[in-house]
Amino acid sequence: DGMYCRKLFRPEGTVIVGKVHKKPHFFLCAKGEIIAWTENGMKILKEGDVICSQPGTKRVTLALTDAIGITIHPTEKTDLDEIEAELLEPDETALFDSSNNLKDLVLQAEKIKALRSN
């Protein structure tokens, strides 16, 4: 009730550029080590470290080891698309939808590229 948590596994070497958040929330390094851009510059987060992300933040992370990052958000919504609309600024350049699936536009571009190479 009133909370949404999102967990994402990050293989070592993975760079993730998040979306801009509208509300404050927590980011937890649940496993491994992650370099994260924070409001106070780059910081190495180790297992158990938590930072508070402020509105307007666009987090960039690099997994130094296999890692798990978790975000914790206040919301009363339960539909994932509605949660994203409430918590995130719109981003037409994002390649993934709210379920972390490639958007149809990206899939279509990959199909066109494959057809052209044949």
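**View 1. What lines the largest pocket of this predicted model: 12 nonpolar, 11 polar and 9 charged residues.** Here Ala, Val, Leu, Ile, Met, Phe, Trp, Tyr, Cys and Pro count as nonpolar, Asp, Glu, Lys and Arg as charged, and the others, Gly among them, as polar. The lining holds 32 residues, and Ile16, Val17, Gly18, Lys19 and Asn100 lie nearest the pocket's centre. Elements that give two or more residues to this lining are β1 (3–10), β2 (15–17), β3 (25–31), β8 (67–74) and α1 (80–87). The largest share, 5 residues, comes from β1. The space in the pocket is about 780 Å³. A pocket, on a 1 Å grid over the protein atoms alone, is an open set of points where a 1.4 Å probe fits, with protein on both sides within 12 Å along at least five of seven lines; lining residues have an atom within 4 Å of a point. Points are joined across faces, edges and corners, and the volume is the space filled by probe spheres set on them.

**View 2. An open sheet of 4 antiparallel strands, in the order β1-β8-β3-β6.** Look to β1 and β6 (50–53) for the edges, where each strand pairs on one side only. On average, neighbouring strands are turned by 20° against each other, direction ignored. Strands β3 and β6 run antiparallel and are joined by 4 bridges; leucine 28 has valine 50 of β6 as its bridge partner. Helix α1 packs on the sheet, touching β1 and β8, and its direction makes about 95° with that of β1. Two strands pair if DSSP finds at least two bridges between them, and contact means heavy atoms within 4.5 Å. Axes are lines fitted to C-alpha atoms (for helices, over the stretch in contact), with angles from 0 to 180 degrees between N-to-C directions.

**View 3. A salt bridge between glutamate 84 and arginine 6.** Their side chains meet at 3.4 Å, N to O. Glutamate 84 sits in helix α1 and arginine 6 in strand β1, so the pair links parts of the chain 78 residues apart. The count comes to 4 salt bridges, each a side-chain nitrogen of Lys or Arg within 4 Å of a carboxyl oxygen of Asp or Glu.

**View 4. The protein chain, with 2 helices and 8 strands.** Helices (H or I, at least four residues) and strands (E, at least two) are DSSP runs, numbered from the N terminus.

*Notes.* Residues are numbered from 1 along each chain as its sequence is written, and side-chain values use heavy atoms, with hydrogens and water left out. In this predicted model, local features need pLDDT of at least 70 and side-chain atom pairs count only at pLDDT 80 or more, while totals for chains, interfaces and linings use all residues.
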